[in-house]
Amino acid sequence: MSQMKPCPFGCCSEPQIIDVKQSVFVRCTGCGTTSLFRCDYGPPKRNSAHYASREVARSEAIEFWNHRPTEERLESRIRELETVLGAGIGGPVKAG
Ligand SMILES: [Zn+2]
């Protein structure tokens, strides 16, 4: 099973996969936040993403839960800035 990120809404609790009536989604065990993205499998239903099998639906539900574009962009920017700062240590002394 894929590694799942902790809850993004401040409580940082572990999420759990909920699988009921051929629908898979993710819920935080701390605050109860539920992923809005429901992945159905089995016979087609209306108004939700539908997948060929339970395994694919679970995988997609986890991927959606883990998808954090803003967080990933900020982490990337922090790494860039750390590189710049690290390169600056021992570098030219600032005039003045
Ligand atoms: Zn939570």
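A residue is buried if 20 or more other C-beta atoms lie within 10 Å of its own, exposed if 12 or fewer, and partly exposed in between, with C-beta atoms placed from the backbone. I wrote that down before anything else.

**Ground rules.** I am looking at a predicted model, where local features need pLDDT of at least 70 and side-chain atom pairs count only at pLDDT 80 or more, while totals for chains, interfaces and linings use all residues. I number residues from 1 along each chain as its sequence is written.

**Overview.** I looked up the helices and strands, which are DSSP runs numbered from the N terminus (helices are H or I, at least four residues; strands are E, at least two). I found 2 helices and 4 strands in the chain. Reading along the sequence, I get β-β-β-β-α-α. The chain has 96 residues, and 15% of them count as buried. Next I checked contacts, meaning pairs of residues whose C-beta atoms, placed from the backbone, lie within 7 Å. Among the chain's contacts with a separation of 6 or more, 31% join residues 24 or more positions apart.

**The sheet.** Two strands pair if DSSP finds at least two bridges between them. I traced an open sheet of 4 strands in the order β1-β2-β3-β4, and the pairing is mixed. From one strand to the next, I noted an average twist of 35°. That angle is taken between axes, which are lines fitted to C-alpha atoms (for helices, over the stretch in contact), and it runs from 0 to 180 degrees between N-to-C directions.

I then went through the pairs. β1 and β2 are antiparallel, with 6 bridges. In that pair, D19 has V24 of β2 as its bridge partner, and V20 stands opposite S23 of β2. β2 and β3 also run antiparallel, joined by 2 bridges. There S23 turns up again, this time with D40 of β3 as its bridge partner.

**Positive phi.** Most residues other than glycine have a negative phi. I therefore looked for exceptions, since most residues other than glycine are negative. The hairpin of β1 and β2 has 2 residues between the strands, and K21 takes a positive phi near 50° there. Q22 sits in the loop between β1 and β2, and its phi is near 60°. Q22 counts as partly exposed because it has 15 C-beta neighbours inside 10 Å. C12 lies in the segment before β1 and also has a positive phi near 60°. C12 is exposed, because 12 other C-beta atoms lie within 10 Å.

**Helix α1.** I counted 13 residues in α1 and a reach of 18 Å from its first C-alpha to its last, close to the expected 18 Å. The expected span is 1.5 Å times one less than the number of residues. Which residues of α1 are buried? They are A57, R58, A61, I62 and W65. Seen down the axis, the buried residues of α1 fall within an arc of 130°, so they line one face of the helix. The arc is that of the directions from the helix axis to the C-beta atoms. What covers these buried residues includes β1, β2, β3 and β4.

**The core.** A nonpolar core is a set of buried Ala, Val, Leu, Ile, Met, Phe, Trp, Tyr and Cys residues joined through C-beta atoms within 7 Å. The largest one here has 9 residues: V24, F25, V26, C39, Y41, A57, A61, I62 and W65. Elements giving two or more residues to this core are β2 (23–28), β3 (39–41) and α1 (54–66). α1 supplies the largest share of the core, 4 residues.

**W65 and P15.** Leaving out residues up to four places away in sequence, W65 touches M4, K5, P15, V26 and S35. I followed P15 next, which is in strand β1 (residues 15–20). P15 is buried, because 23 other C-beta atoms lie within 10 Å. With neighbours within four places set aside, the contacts of P15 are M4, C7, V26, R27, C28, T29 and W65.

Methods: Two residues are in contact if their C-beta atoms, placed from the backbone, lie within 7 Å.
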